[in-house]
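Keep the structure open while reading.

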Amino acid sequence: MSDMSMDSAAPRRSSKSLHEVDARTRRRNAAETRFKACGIGAIAIGLFFLVVLVVAIFRSGLPAFTQTVLDVEFALTQEQYEDAESQLFKTKAYSQAFNGALKTQLDESGVTLPFDEASIERIAGKVGGTIREYFRANEDQLGQPTSFQLAASSRVDGYMTGRVTRDGFQDSRFLTLADLDLVDALEDAGIIRTQFNWNFITGADSGVDNPGGAGIGASVVGSFFMMLVVLFLSLPIGVAASIYLEEFAPRNRFTDLIEVNISNLAAVPSIVFGILGLAVFIQFMHLPQSAPVVGGLVLTLMTLPTIIISTRASLNAVPPSIRDAALGLGASRMQSVFHHVLPLAMPGILTGTIIGLAQALGETAPLLLIGMVGFVARGYPDSFIDGFVEPNSAMPAQIYTWAARADAAFYDKAWGGIIILLMFLLTMNIIAIILRRRFERRW
Amino acid sequence: MNDMRLLERDVDAKDIKIAARKVQVYYADTHAIKDVDVDIEDKTVTAFIGPSGCGKSTFLRCLNRMNDTIDICRVEGDIRIDGEDIYDAKVDPVQLRAKVGMVFQKPNPFPKSIYDNIAYGPRIHGLARSKADLDDIVEKSLRRGAIWDEVKDRLHAPGTGLSGGQQQRLCIARAVATEPEVLLMDEPCSALDPIATSQVEELIDELRQEFSVVIVTHSMQQAARVSQKTAFFHLGNLVEYGETGQIFTTPQDPRTESYITGRIG
């Protein structure tokens with residue numbers, strides 16, 4: 001601003017040496033330097049927060065990818081099996097058998113610590129049930145030594161990963177100091193160990209009391225089917241609408257109104273779309289609750305304005321001379337659009353689509369309203385069609401559900417879920433970039 | 001009606017390709033072209049000259065209905081090509097534009113290969129029955145566009161990679177590839193250097209053998225060099241129309257004289 005003002009004392013340019021920098025030039029250069037410094041500062045701040053974000057995500061999220069297991073080799077004879085099945089408290093009988101085996105294993109490694117059923121239950125949960133399930137399903141394994149990997153409880157898991165420490169530890173009904181001694185002994189004996197948690201990537205959500213068994217796989221599948229719906233609805237509808245509005249529609253008050261409203265829709269809070277989806281798709285059209293197809297429809301509504309706006313912008317950016325050239329050769333309007341304008345606008349359309357999809361992928365609020373909450377994600381769909389209609393959750397809703405749970409171990413799961421979500425997003429972006437490149441290569 | 005058209009043809013089809021009567025063009029409320037009457041002869045180069053904004057390009061764009069693409073533009077009056085009203089409701093502008101080709105001010109090759117640029121028109125109009133046919137059309141058109149020798153070794157290189165003059169000749173070749181009867185040129189040389197300009201001018205002179213060419217130009221020297229007939233537009237009116245030699249040596253209207261002597265425009 002200041003260098004714009006005229007210097008009244010010197011109305012005429014005096015001719016001075018080029019080797020001396022005059023005051024005006026110095027001020028202008030200083031302003032430019034300041035501006036550049038601001039820019040660098042802004043980028044540095046941005047990078048700083050990015051680094052903080054990545055570090056925070058990985059520090060908090062990585063524990064979700066490991067799990068603490070009790071690795072016990074254990075054989076159940078036919079007599080033991082029949083004996084256990086004949087009792088009133090069947091799982092208790094299995095637990096006893098298991099504890100016996102565990103004790104033998106510990107004795108072999110020279111550990112002499114007293115432990116009882118209760119402490120094993122506190123460390124590894126109700127093992128009896130797991131074992132009974134296994135042998136009832138695989139009766140032919142009776143008598144064979146079988147290796148069991150039992151997930152440790154979330155507190156033991158926390159103790160192994162450092163979340164729970166002995167300092168200030170208070171005995172509770174969940175874990176006692178004596179249990180921790182036992183855990184240390186089991187670890188020395190190689191019975192408790194930490195391993196990569198495949199179940200977190202491939203599994204489904206678990207109950208509130210079992211963070212160790214929680215996995216995000218089912219909701220990844222839910223998100224995937226939702227994205228399929230969003231992609232295959234919003235891309236064609238959005239592109240067709242933009243082509244019509246940009247290339248064919250007459251400019252009048254009605255199309256102006258549509259235009260304004262599309263821009264407005266892009267700014268509508270997502271939860272509004274959620275309640276709209278609940279009212280229209282579920283209550284009125286009676287589509288199944290919690291189904292990815294409904295989630296996809298809701299997110300399509302949300303994504304459409306983004307895609308339409310960016311597609312129109314990129315259609316608009318195609319030089320009109322290309323349209324003239326095609327029309328001048330006797331191409332119809334549609335030929336000019338589909339042969340020349342659309343291919344040139346394709347990279348921009350893809351960018352808009354990926355931004356829209358990324359938004360949709362991270363959207364939580366509307367999904368909660370249509371019932372795609374985390375605990376619904378209990379397993380994989382049986383078939384491709386079921387993937388659309390069977391109740392499932394999606395990654396952000398799953399993460400939200402975990403973050404809201406009381407057990408601190410779910411906190412790790414939530415962060416781990418964020419890592420998976422970001423990787424899913426990264427994959428989508430990479431595909432989009434490859435497609436973009438392919439379209440752009442045609443100069 | 002039919003008889004009348006036949007009669008008209010007998011009398012003047014040999015000479016008159018385009019007949020315009022009382023043509024009015026409005027851009028919203030602006031009256032851009034007022035009462036223009038002009039007869040454009042076949043196998044002749046007709047030049048439209050006049051100061052900027054005088055309506056010569058607008059009138060040119062009426063001849064193949066390119067003004068249809070502008071929402072606010074309205075055309076009234078009667079324009080006939082070979083006696084057929086081109087603004088008749090039955091006329092599809094797409095068919096008309098295949099018959100009346102156009103070359104624009106700025107070279108606008110498609111961002112595709114040289115080959116595809118030329119082949120596009122014949123492809124959409126179904127002019128080639130086979131690949132060999134298409135190859136022939138491409139070669140012939142590029143030869144007519146006087147650019148064959150420069151590009152024959154790189155037909156599959158992008159058309160946008162050529163120099164400005166080459167691009168414009170490519171656009172001319174592209175326009176002639178659809179076998180039009182009339183070729184409209186809207187200041188085809190305004191973006192070209194003198195050498196490219198003279199190449200394009202030579203080309204226009206050759207094209208006169210087969211097409212009727214209408215060229216809009218800002219350069220009076222160019223009009224004098226390439227055209228047989230010249231029309232002078234001023235403020236939306238057709239001021240004077242006649243033999244090029246006569247317009248430049250003995251203009252009838254004082255406005256034409258002022259313009260060609262450089263006093264207005």
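A salt bridge here is a side-chain nitrogen of Lys or Arg within 4 Å of a carboxyl oxygen of Asp or Glu. R225(B) and E201(B) form such a pair, with their closest N and O atoms 2.7 Å apart. The model is predicted. Over all chains, the count comes to 29 salt bridges.

**Domains of chain A**

- Chain A is assigned domain 1 (66–196) and domain 2 (217–439).
- The centres of domain 1 of chain A and domain 2 of chain A, taken over C-alpha atoms, are 47 Å apart.

**Helix α7 of chain B**

- Helix α7 of chain B covers residues 164–177, which is 14 residues.
- Is α7(B) largely enclosed by the rest of the structure, or largely open? Of its 14 residues, 13 are buried, so α7(B) is largely enclosed.
- Just after α7(B) comes E179(B), which takes a positive phi of about 55°.

**Salt bridges in chain B**

- E179(B) also forms a salt bridge with K140(B), where the closest N and O atoms are 3.3 Å apart.
- That pair links distant parts of the chain, 39 residues apart. K140(B) sits in helix α5 (residues 131–144) of chain B, and E179(B) in the loop between α7 and β7 (182–186) of chain B.
- K140(B) is partly exposed, at 44% relative accessible area. E179(B) is partly exposed too, at 40%.
- The R225(B) and E201(B) salt bridge also links distant parts of the chain, 24 residues apart. R225(B) lies in helix α9 (residues 220–226) of chain B, and E201(B) in helix α8 (residues 194–207) of chain B.
- E201(B) has a relative accessible area of 8%. The cut-off for buried is under 20%, so E201(B) counts as buried.
- A network of salt bridges links K17(B), D82(B), K99(B) and E181(B).

**A salt bridge in chain A**

- D181(A) forms a salt bridge with R166(A), and the closest N and O atoms are 2.9 Å apart.
- What does this pair tie together? D181(A) is in helix α7 (residues 177–188) of chain A, and R166(A) is in the loop between α6 (154–161) and α7 of chain A, so the pair joins parts 15 residues apart in sequence.
- D181(A) is partly exposed, with a relative accessible area of 36%. R166(A) is also partly exposed, with 33%.

Technical notes
Residues numbered from 1 in each chain as written. Chains lettered and ligands numbered in written order. Predicted model: local features only at pLDDT ≥ 70, side-chain atom pairs only at ≥ 80, totals over all residues. Heavy atoms only, no water. Domains from an automatic or database assignment. Helix = DSSP H or I, 4+ residues; strand = E, 2+ residues; numbered from the N terminus. Expected span 1.5 Å × (residues − 1). Buried < 20%, exposed > 50% of the residue type's maximum accessible area, 1.4 Å probe, protein only.
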